[in-house]
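Hi everyone, thanks for making time today. I'd like to walk you through a structure that may be new to you, so please have a look at it with me.

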Amino acid sequence: MKLLLLSTPVGPLGSGLGGGVELTLSNIAQELLRRGHTLKIVAPVSARVAALQESDSSLSKLPIVEIPGTLQIPAQTQNRSDPILIPANSVLANMWEYARQVQADFDIIVNFAYDWLPFYLTPFFQTPIAHFVSMASLSDAMDKIMESVAIKFPGSIAVCTRAQAETFPFARHCICLGMGSGIDLSLYDFCPHPENQLAWVGRIAPEKGLEDAVAAAEITGIPLKIFGKMQDENYWQQICQHYPNAPIEYRGFFPTVELQKQLRQCRAILMTPRWVEAFGNVAIEALACGVPVIAYQRGGPSEIVRDGETGFLVKPDSVDGLVQAIARLHTIDRSRCRRQAEEEYSMEIWGNRIEKWFRNILKPSSSPACD
Ligand code: HBI
């Protein structure tokens, strides 16, 4: 197949601003190229793309078409009833104008943006558009436009997990991929004997609930290493002021290979989402290193963690629950964590599900099948 992949408009690919969907897109691209498909990626121009491609080897060989323009406002900063905002010289609009011009060269267009415009444009395009929805329901305007596409174009909308699907009124029309990405297991090295430290990985932003992980670090006295894009500086400052004595260290944002070198050294990763996390790519990256996952029983991670075997599922927003789970980490066999990643989240499994989704869209009489 000839594919055109349109990335998230909130940041350049590899910048970390796009969170998990950056890993999703680059892993889908690599796996499809490996399978002999041809593709192009359309993403916001990055002042540092050369540096990014050097630092993140997985990005270097991907064919990226860079589009200029103003980045889109992150949807999770908006309120449910807010109107859709499009800035002047919108990079999102510029990306889709490019797609409109080249669409005849492709069999299928894949949208990774959680934005109104790509859904609205779907009926105006001649080339079929597949939509990978990377977050749970956030706004009424988005729910409305996604629902109209889900009904008009059966099988065109894919979600990561059932928990995420259930947040949408059109859940029954979604293709459920059962995962938000596969991972290249060869990039993750199993670590049997970690340091006495915990990890937290994610965009530093309120919806990720970092403060609970910091509170658990203060109570247990176990150092917490924090990785991810510094998206909301004020939020971070508030946490530092509120927990001046917590044993925490912000390490920064790292490409996959560098991240796993540090993540594997940890006794567990803490996942403390305030919102319904669509999937939780960091959970399967941790498992691939043999790192148990301690996660709130909310959204995607609750469909990934095998409670008591590869980590623990904790009552949502309960810091005590996190502390009790940390105290039971010695009962988890780290090699079982690695095995779960191999059995359930390999690129092979991911590639098969993605190909099936696309082929069903290209076949005329297709009915969505939820795995
Ligand atoms: N916000 N408007 C908008 N568009 C996106 O594509 C988007 C976003 N916020 C977060 C985000 N994408 C990704 O970090 C998640 O999909 C993983």
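This is a predicted model: local features need pLDDT of at least 70, side-chain atom pairs count only at pLDDT 80 or more; totals for chains, interfaces and linings use all residues.

Now for a pocket. The second largest pocket has a volume of about 210 Å³. Its lining is made of 13 residues, and those nearest the centre are Pro128, Phe153, Pro154, Ser156 and Ile361. In this lining, seven residues are nonpolar, five are polar and one is charged.

Next, please find strand β4, residues 108-111.

What does β4 pair with? One partner is strand β1, residues 2-6, which runs parallel to β4 and is joined to β4 by four bridges. Within that pairing, leucine 3 stands opposite isoleucine 108. Strand β5, residues 129-132, also pairs with β4 in the parallel sense, over three bridges. There, valine 110 has alanine 130 as its bridge partner. To get from β4 to β5, the chain passes through helix α5, residues 116-121, and this β-α-β crossover is right-handed.

Let's move on to charges. Side chains of opposite charge can pair when their charged atoms come close. How many salt bridges does a search of the whole structure find? The search finds 22, and I've picked a few to show you.

In one of them, arginine 80 meets aspartate 143, at 3.0 Å from N to O. This pair links distant parts of the chain, 63 residues apart: arginine 80 is in the loop between β3 and α4, while aspartate 143 is in helix α6, residues 140-152. Are the two partners buried or exposed? Arginine 80 counts as partly exposed because its relative accessibility is 35%. Aspartate 143 counts as buried, because its relative accessibility is 8% and the cut-off for buried is under 20%.

Another salt bridge joins glutamate 97 and arginine 100, at 2.7 Å from N to O. Both residues lie in helix α4, three residues apart, which is about one turn of the helix. Glutamate 97 is partly exposed at 31% relative accessible area, and arginine 100 is partly exposed at 45%.

Then there is glutamate 343 with arginine 306, whose closest N and O atoms are 3.3 Å apart. Glutamate 343 lies in helix α13 and arginine 306 in the loop between β12 and β13, so this pair ties together parts that are 37 residues apart in sequence. Glutamate 343 is partly exposed, at 46% relative accessibility, and arginine 306 is partly exposed too, with a relative accessible area of 24%.

Last stop: please look for Glu31, Arg34, Arg35, Glu348, Glu355 and Arg359, which are linked in a network of salt bridges.

Methods: Residues are numbered from 1 along each chain as its sequence is written. Side-chain values use heavy atoms; hydrogens and water are left out. On a 1 Å grid over the protein atoms alone, a cavity is a set of points where a 1.4 Å probe fits but cannot get out, and a pocket is an open set with protein on both sides within 12 Å along at least five of seven lines; lining residues have an atom within 4 Å of a point. Grid points are joined across faces, edges and corners, and a volume is the space filled by probe spheres set on the points. Ala, Val, Leu, Ile, Met, Phe, Trp, Tyr, Cys and Pro count as nonpolar, Asp, Glu, Lys and Arg as charged, and the others, Gly among them, as polar. Buried means under 20% relative accessible area, exposed over 50%, partly exposed in between (1.4 Å probe, protein chains only). Helices (H or I, at least four residues) and strands (E, at least two) are DSSP runs, numbered from the N terminus. Two strands pair if DSSP finds at least two bridges between them. A crossover is right-handed if, with the strands pointing away from the viewer, the path from the first strand over the helix to the second runs clockwise. A salt bridge is a side-chain nitrogen of Lys or Arg within 4 Å of a carboxyl oxygen of Asp or Glu.
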